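Work through the exercises below with the sequence and the model open. Each task is followed by a solution in steps.

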Amino acid sequence: MCVSGTTWHPQLPGWALEAGQFDGEVRHANSFRHMDEFRDKNVLIVGAGNSGCDIACDAAVSGNKTFISVRRGYHFVPKHIMGKPADVFADSGPNLPLWLSQRIFSGILKVLNGDLTRLGLPKPDHRVLESHPIVNSQLLHYLGHGDILAKGDVERLEGKHVVFKDGSREEVDVVICATGYEWKVPYVDPSLFSWKGNRPDNYLHMFSRANSQLFGLGFTETNGGIYKLFDGMADLIGRTILAQQDDAVTWAKLRARMQSHVPDLSGGIRYVASDRHATYANIDALKREFRNLRKHMGWHEPEAGYFNKAKQSSDTRMTLEAA
């Protein structure tokens, strides 16, 4: 069972790997620990994902000058809408058709955020919900107050400067590349997983399509909170292992479904064509398919406290080992 996650192998742009002629510091966002690292420095954040936006806001507080390099336009979702966390606000509303949800949510964001191009950001090249959501309330504030300056794509590093593809340049001390990660499972023969867009393409994000005794947990990216779902996924994997060992009929039924069932996890959304979205799952579609699998197999949903017994056993074992 592979549960090592996806944020171990930093992915850097080509110009960052050829930074020998740069007088400043270039590193990946996974090395960032505290805003004091930027004290009195000119900082460039490359990438406007959630990590990049959060780090840029820290740099705006402690740095001398802060820039953020953005290649494409994004929709920015406030962390709270009408006093509720954005995902809670979305879940508490009626279950509307996708086209209507997109239209209403787009209107809400336009009212809250206005025209993002006034802040130097590119106009989004996709409709709302068609990309992994950027949930941040501070970035637009700092851009609006001049504490962060939006820049385009990076061309090269040169001496004390970063040169951008529009021909402009800025003097920078620290470059933080918030440019994602390679999804590697280095301890497993890659042929034992199927792959799509350099991501493990597991059935329901759990079961290897190439090897029935290989499982993955944590190789999921979705537009909602995933941690609660990991409990249910762990239960499904555990039930599958028990069926393989002890119940040939149940295992044959499950294996037939894995081989023939091709679920649509997009939720009807046409996601941006990128590696990041190659195996991306809509949270509602993923939950629905988990329920469908349980119904098909006659397996109940885990109830609150389901894993307490296992946790207590683990705590007891650690206590005995310490003694």
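**Exercise 1. A residue in a loop**

Task: Locate F207, decide whether F207 is buried or exposed, and list what F207 touches.

Solution. Start with the place in the chain: F207 sits in the loop between β14 and α6. The model is a predicted one. Next take the accessibility. F207 has a relative accessibility of 2%; buried means under 20%, so F207 counts as buried. Then collect the neighbours, leaving out residues up to four places away in sequence: F207 touches N202, L214, F215, L236, I237, T240, M258 and L293. Last, compare sequence and space for one pair. F207 and P302 are 95 residues apart in sequence, and their C-alpha atoms are 19 Å apart.

**Exercise 2. The chain as a whole**

Task: State how many helices and strands the chain has, and what share of its residues is buried.

Solution. The secondary structure comes to nine helices and 14 strands. Of the 323 residues in the chain, 41% are buried. For the extent, take the principal axes: the C-alpha atoms fill a box of roughly 65 × 50 × 40 Å. For the contacts, take those with a separation of 6 or more; residues 24 or more positions apart account for 68% of them.

**Exercise 3. Helices α6 and α7**

Task: Describe how α6 and α7 pack, and name the residues that meet.

Solution. Two packed helices are described by the angle between their axes and the distance between the axes. Helix α6 covers residues 227-246 and helix α7 covers residues 248-260. Their axes are 7 Å apart, at an angle of about 125 degrees. The two helices are therefore oblique to each other. The crossing of α6 and α7 is left-handed. On the α6 side the contact is made by T240, A243, Q244 and D246; on the α7 side it is made by A248, T250, W251, L254 and M258. Sorted by class, this contact of α6 with α7 has five nonpolar, three polar and one charged residues.

**Exercise 4. Helices α7 and α8**

Task: Give the angle at which α7 and α8 cross, and the hand of the crossing.

Solution. The axes of α7 and α8 cross at roughly 145 degrees and come within 10 Å. The crossing is right-handed. From α7, the residues T250, K253, L254 and R257 take part; they meet E289, N292, L293, H296 and M297 in α8. By class, the contact of α7 with α8 has three nonpolar, three polar and three charged residues.

**Exercise 5. Cysteines**

Solution. A disulfide is a covalent bond between the sulfur atoms of two cysteines. C57 is buried, with a relative accessible area of 3%. C177 is in no disulfide either, as its nearest cysteine sulfur, that of C53, is 15 Å away. C177 is also buried, with a relative accessible area of 0%.

**Exercise 6. Positive phi**

Task: L129 and L204 have a positive phi although they are not glycines; find where each one lies and how accessible each one is.

Solution. Take L129 to begin with. Its phi is about 80 degrees. L129 is in the loop between α4 (98-113) and β7 (134-135). At 29% relative accessibility, L129 counts as partly exposed. Now take L204, with a phi of about 50 degrees. L204 is in the loop between β14 (199-200) and α6. Its relative accessible area is 2%, so L204 is buried.

**Exercise 7. Two further positions**

Task: Decide for V262 and for S62 whether the residue is buried or exposed.

Solution. V262 lies in the loop between α7 and α8 (283-297). Its relative accessible area is 74%, so V262 is exposed. V262 and Y203 are 59 residues apart in sequence, and 8.2 Å apart in space from C-alpha to C-alpha. S62 belongs to helix α2 (residues 50-62). With a relative accessible area of 4%, S62 is buried. Not counting residues up to four places away in sequence, S62 touches M35, D36, F38, R39 and D40.

Technical notes
Residues numbered from 1 in each chain as written. Predicted model: local features only at pLDDT ≥ 70, side-chain atom pairs only at ≥ 80, totals over all residues. Heavy atoms only, no water. Axes fitted to C-alpha atoms, helices over the stretch in contact; angles between N-to-C directions. Helix = DSSP H or I, 4+ residues; strand = E, 2+ residues; numbered from the N terminus. Parallel < 35°, antiparallel > 145°, perpendicular 65-115°, else oblique. Left-handed = near helix turned anticlockwise from the far one by under 90°. Contact = heavy atoms within 4.5 Å. Nonpolar A, V, L, I, M, F, W, Y, C, P; charged D, E, K, R; others polar. Buried < 20%, exposed > 50% of the residue type's maximum accessible area, 1.4 Å probe, protein only. Disulfide = S-S within 2.5 Å.
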